[in-house]
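I am opening a notebook page on this structure, and I will write down what I looked up in the order in which I looked.

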Amino acid sequence: MPLRATWLLTSVALFFLAEASWGLTAYPFELQTSTELATEGFLGLSWQPTSGAADDRHISLQVATTPDFKSVFASYNLVQQQQVSLSGLADGDYFARLLDHAQTPVSNIASFRVQHRDLGAAWLLFALGAALFSLLLGILVSLQKRARQNGYLNNNGKLRDPN
Amino acid sequence: MTQIDTPVALGILALFGILWVSFGWWLGRSNRTADDFMLAGRNVGLAMASATAMATWITSNTTLVAPQLTYQFGIWGMIGYSMAALGLILFAPMAQRIKQLMPQGYTCGDFIRIRFGRPAWYVFLVVSFFYAIGWLVSLGMAGGILLQALSGLNYIVGMTTILAVCVAYTLFGGLRAVIATDFIQTLIILVGVLVIAFVCLRDVGLDTIYQSVSVQQPQLLNLLFPAAIMFLFNNIFFGIGEIFHSNVWWSRAFAFRAGIGKRAYLIAGLLWLPIPIVTGFIALAAPALGVFPPSPDMVGPLVAAQLLGDIGAVVVFIVVFAALASSLDSLLAASSDLLTEDIYKGLINPGVSKQKLLIISRRTVLLLGVATWLLCLPRMTTLGALLNFTGAFVASTIWPITFGLFHTRLNGTTAALAMALGTLCGLLAYFQIGFYVAALFSCLTSFLVCGIGLWRSDARFEWRLLTDMERDNTQPGHLEPSNEH
């Protein structure tokens, strides 16, 4: 029993110690992505304060193509925002974090992948759309011509008996 | 972001509100019958006709979503959005045909009911009301959100004010007021958009814009951008479906003086074509100006406000207020016509007098305004997505309406199936692939169903039923097969 009690107390102590140390090292903001896989090259990033009051008026979002942020793709200075919409990104893995005015990281690192849809499938749908649109144009023109020829309407718009 | 002081925003709202409501009241003094109220006496001239068609098509979507799609899909997004002008251009010959076939017509619902019979009419009403309510609510919400973003005005106050102003002048003046205010709103929108684009070119410059975009948003300049390639024709069919099926455009075809509908829609389409290019273009200046929007649909106003400072925010405020109002009033008027004519007169009280119909029409505008206001109150973001959803619905009507207007052999069963199955396939594509293919799949399915229906059908429709505004709802509108064609 004493052994079990000691084990239980140790576990509880370790749990609270871990929680406390997490609280000390946790970032002021939690950064999230709207999706982990962006198939259209656009996505949203949002952040919320984790605890306590944080100065969120002037922060910047740093986006890199490597997790160590040695290859920074872009930095966005943001004022009084809690979300941002990114677009026009090429295929690849991206990593994002928030920095304060002293360029100190103030958020976790959020990652996402951009993988555009298959170009062949896109062209297939494009061709389908083009064919359907050409059909619509052709049919509209021919139906209009035929309606005029069949004499349902004369030039003044009056109905005329085809018989 | 530059903001307008709340008192200034309220002042602008009050000024334009009083101006438009007074104008509506002044124009509506001579309204005596439902024809006057709903169809402006069926005597609208070319200038007003072109302006109202163009202004109505310049919605909050043109001022907010065109920049958004450019921000998301780049060059293709800008071009694809401007291709929605094809809806107006292709509707031009149809407007002439509509006026010729149905000189006494009131709504597109009249046409569907007489041409295809009740089953197709029910399907069409579902499509039409779903679209109209979705668009109305998204406009009301967009108004509230935009006023809040630019001026700090409370969402409910902004949304309520815009709705109240539009309901008031539509109520007093009917379609005559809607068309006349559209004319003024067109001028305001055009001047505002051109000023913003000019300042963007002068202050930022094409070189800087190109450099910034190619570094930070390289895909936007890539013509081999897969999702954007898929989007192009989808948006064309969405635009065509919106116009072909909606009573907003049919009511104008009935209201325009005989012989001018075709020219009016053609002019409106050609004039509208460059507007999304201009509004979309300014979105490309966002990275050069250091503008990174919280949500993509805010990029247009944010860039404009950044470019012009305090004055820019006021210009954007007035332009978007005008764009919202010009669409809201048209939708209110057209949806009210559809409810009054198709539901009240068609189902509840077929023998109603024209004077009584006028009263019902006004009450319907008020009721629609209240219903829209109630649906806007919770500020459900999903309702914004609802608009994209409607692409699957409206594109299914393109072929039934095209064949219905010009071909005698398309029967009601085929039309109903084409709309129902087209919508279902469009929704399936929406969920399986993305919003940028829903209209394309819907239109394709509808075409296949119509093709099979035409191939198998021996029916012959008698056009005279439309001219006489046949009211016998027990008749599906089709005669026995004959050799007449």
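**Entry 1: the two chains together.** How much area do chain B and chain A bury between them? I read about 4,700 Å² for chain B and chain A, with 74% of it on carbon and sulfur atoms; buried area here is the accessible area (1.4 Å probe) that two parts lose on being put together, summed over both. I noted that this is a predicted model, in which local features need pLDDT of at least 70 and side-chain atom pairs count only at pLDDT 80 or more, while totals for chains, interfaces and linings use all residues. Residues are numbered from 1 along each chain as its sequence is written, chains are lettered from A and ligands numbered from 1 in the order in which they are written, and side-chain values use heavy atoms, with hydrogens and water left out.

I then looked up who takes part, and found 55 residues from chain B and 46 residues from chain A in the contact, where contact means heavy atoms within 4.5 Å. Between chain B and chain A I count 10 residue pairs in polar contact, both residues being at pLDDT 80 or more. A polar contact is a pair of N or O atoms within 3.5 Å; within protein, one must be able to donate a hydrogen and the other to accept it, and residues adjacent in sequence count only if both atoms are side-chain atoms. On the side of chain B that touches chain A, the largest share, 10 residues, comes from α10(B); helices (H or I, at least four residues) and strands (E, at least two) are DSSP runs, numbered from the N terminus.

**Entry 2: the sheets of chain A.** I found an open sheet of three strands in the order β1-β3-β6 (chain A), with antiparallel pairing; two strands pair if DSSP finds at least two bridges between them. In chain A, β1 (29–33) and β6 (83–86) stand at the edges with a single partner strand each, so one side of each has no neighbour in the sheet. Five bridges join β1(A) to β3 (residues 43–49) of chain A, and A:Leu31 stands opposite A:Trp47 in β3(A).

I also found an open sheet of five strands, in the order β2-β8-β7-β4-β5 (chain A), with mixed pairing. Its edge strands are β2 (37–38) and β5 (72–79) of chain A, and seven bridges join β4 (residues 58–64) of chain A to β5(A), the two running antiparallel. A:Gln62 stands opposite A:Ser75 in β5(A).

**Entry 3: a loop residue.** Where is A:Asp91 found? I located A:Asp91 in the loop between β6 and β7 (92–99) of chain A, and its side chain reaches the backbone nitrogen of A:His116 at 2.7 Å. Not counting residues up to four places away in sequence, A:Asp91 touches A:Val114, A:Gln115 and A:His116.
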